[in-house]
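Q: I want to learn to read helix packing, strand pairing and a ligand shell. Can we work through one model together?

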Amino acid sequence: MADKKRIVVIGAGISGLTTAYLLYKKGVEAVVLEKNEVVGGSIESISENGFLFDRGPNSALETTPVISYLVDELNLKEEFLYANKKGNKRYILRDNKLHALPMSPPAFFKTKLFSAKAKLRLFAEPFIGRSDNGYYQSIAEFVTCRLGEEFLDYAINPFVAGVYAGKPEELSVKSAFPKLYALEEKYGGLIVGTIRSIRERKRRAEVSKQSAKMISFKEGMQTLPFAITNALGQKVITSAEVKSIEKEETGYKVIFNFKGSLKSIKCDAVLSTIPSYAADNLFSKFDSGVKKHFDAIYYPPVLVYYLVYKRENIKQELDGFGFLIPSKEKKSFLGAIWSSVIFPGRTDDDKAAFTIFIGGARNPEFVNENREELLKRVRKEFEELMKINNDPIYSAERFWEKAIPQYNLGYIEHENYFDEFEKKNPGLFLSGNYRGGISVGDCIKNAEIVANKVFGKMNN
Ligand SMILES: Cc1cc2nc3c(=O)[nH]c(=O)nc-3n(C[C@H](O)[C@H](O)[C@H](O)COP(=O)(O)OP(=O)(O)OC[C@H]3O[C@@H](n4cnc5c(N)ncnc54)[C@H](O)[C@@H]3O)c2cc1C
């Protein structure tokens with residue numbers, strides 16, 4: 001195998017590990033360099049005092065067959081979990097009350113989440129024509145125009161906080177929600193588009209994000225990065241921070257700090273899956289113009305607050321995924337996942353665990369507040385909404401200084417520049433959650449696309 005091609009993958013988050021694994025299965029030698037001691041990146045699962053706390057993603061949507069491929073390949077069937085059906089029910093806060101998000105036309109007409117006027121407004125949607133370029137149109141503008149302001153405030157605003165920890169006024173509809181925009185682009189409207197695309201998907205037997213199943217693992221989300229790492233063995237090197245990349249006569253040399261000393265590795269190609277703000281240092285020397293694009297992608301801070309209570313002290317019925325809070329409701333947090341309802345084994349049955357999200361692009365200023373006071377206020381608001389009449393028996397936090405990349409207005413210019421960068425610099429590839437989608441499912445789906453692209457180019 002003297003002519004076996006070698007790629008260095010920078011970053012052992014789910015993007016880097018999945019791509020490396022798929023390339024390894026194609027016969028490429030993929031060496032993964034990760035600066036942290038532990039793999040997983042944004043995926044972190046901690047077991048403490050009998051509680052399982054997912055400090056990043058709590059679940060993923062099974063939107064790609066690559067997930068079940070990995071589960072089979074890595075012998076994870078025993079570990080794999082589908083969410084409890086109760087997890088399909090989601091609540092939105094309005095006027096200090098939790099309203100179930102309507103999931104059927106009769107439930108929609110009955111719900112108090114939207115006023116009669118807002119419901120009637122939906123009938124106008126099929127008659128609103130196509131809008132202009134969605135790359136420069138925010139999801140807020142798009143939804144206000146098509147569905148009205150109340151729908152923006154009480155459906156899209158909390159949804160955007162739940163997915164991106166983002167602000168609808170800033171996210172580009174076409175870059176951040178390409179499938180939603182495609183309904184308008186392809187079919188002329190959301191209602192007609194939804195009906196027709198369901199029919200077409202049924203014919204092609206595809207799964208949509210709305211109907212994709214929610215998954216995790218008995219020991220939490222980090223099971224998947226751990227299992228890929230085990231399969232790749234010594235090809236994943238942790239505590240290895242990449243410091244620079246040098247172009248050689250053929251291929252590249254990657255220089256990294258391994259436990260205090262500088263090492264290097266020669267390779268045919270380099271795939272970066274690190275966040276854009278970190279990629280800036282490594283790649284700007286190949287093209288000074290790329291820096292401004294890496295730096296322009298905003299990652300707001302998020303604080304994850306985990307609380308466990310005795311079940312007997314909670315009066316709110318625990319029959320759903322959790323709730324999201326529209327910004328109009330003026331609370332100190334974005335929403336809460338009812339973690340122990342969704343997947344079994346997160347706590348004993350007589351307890352309930354919750355994961356609360358604070359900050360995001362809606363309120364990045366929380367970082368300047370006194371942390372203790374902020375958490376006290378969040379806890380008070382949460383306990384009132386959940387009708388909890390006693391203190392938590394366990395709590396923990398995880399602060400993400402730069403949590404999730406925002407596909408804001410103008411993002412398309414960054415995306416185009418990254419494409420150009422790859423064309424101008426053969427053998428250098430840019431990936432990770434700032435391209436191709438931020439969800440774990442999208443990162444895995446994109447890993448397959450990237451692995452095929454890289455394999456094709458390396459063997460040209
Ligand atoms: C709080 C939070 C909640 C979330 N909730 C969900 C959810 O419920 N569902 C969902 O689908 N998604 C969720 N996401 C999004 C999802 O988890 C991430 O988008 C995804 O895991 C990112 O994977 P990645 O591999 O692209 O990047 P990352 O996970 O960021 O991995 C990049 C890796 O690169 C490493 N690195 C950086 N610089 C260097 C260097 N110089 N040398 C070597 N290594 C380096 C980092 O240490 C890191 O391990 C959430 C994210 C956060 C932060």
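Q: Is the crossing of α5 past α6 left-handed or right-handed?

A: A crossing is left-handed if the near helix is turned anticlockwise from the far one by less than a right angle, and right-handed if clockwise. Here α5 passes α6 in a right-handed crossing. The model is predicted: local features need pLDDT of at least 70, side-chain atom pairs pLDDT 80 or more, while totals for chains, interfaces and linings use all residues. Residues are numbered from 1 along each chain as its sequence is written.

Q: At what angle do helix α5 and helix α6 pack?

A: Axes are lines fitted to C-alpha atoms, for helices over the stretch in contact, and angles run from 0 to 180 degrees between N-to-C directions. Helices (H or I, at least four residues) and strands (E, at least two) are DSSP runs, numbered from the N terminus. For α5 (residues 139-147) and α6 (residues 149-164), the angle is about 145°, with the axes 8 Å apart.

Q: Which residues of α5 and α6 make the contact?

A: Contact means C-beta atoms, placed from the backbone, within 7 Å. From α5 come I139, A140, V143, T144 and L147; from α6 come E149, F151, L152, I156 and V160.

Q: How many bridges join β11 to β12?

A: Strands pair if DSSP finds at least two bridges between them. β11 and β12 (residues 252-258) have seven, and run antiparallel. E246 partners K253. In the hairpin turn, G251 has a positive phi of about 80°.

Q: Why does the ligand lie between domain 1 and domain 3?

A: Domain bounds come from an automatic or database assignment. Both domains give residues to the shell around the ligand, so it lies between them.

Definitions and conventions:
Contact = placed C-beta atoms within 7 Å.
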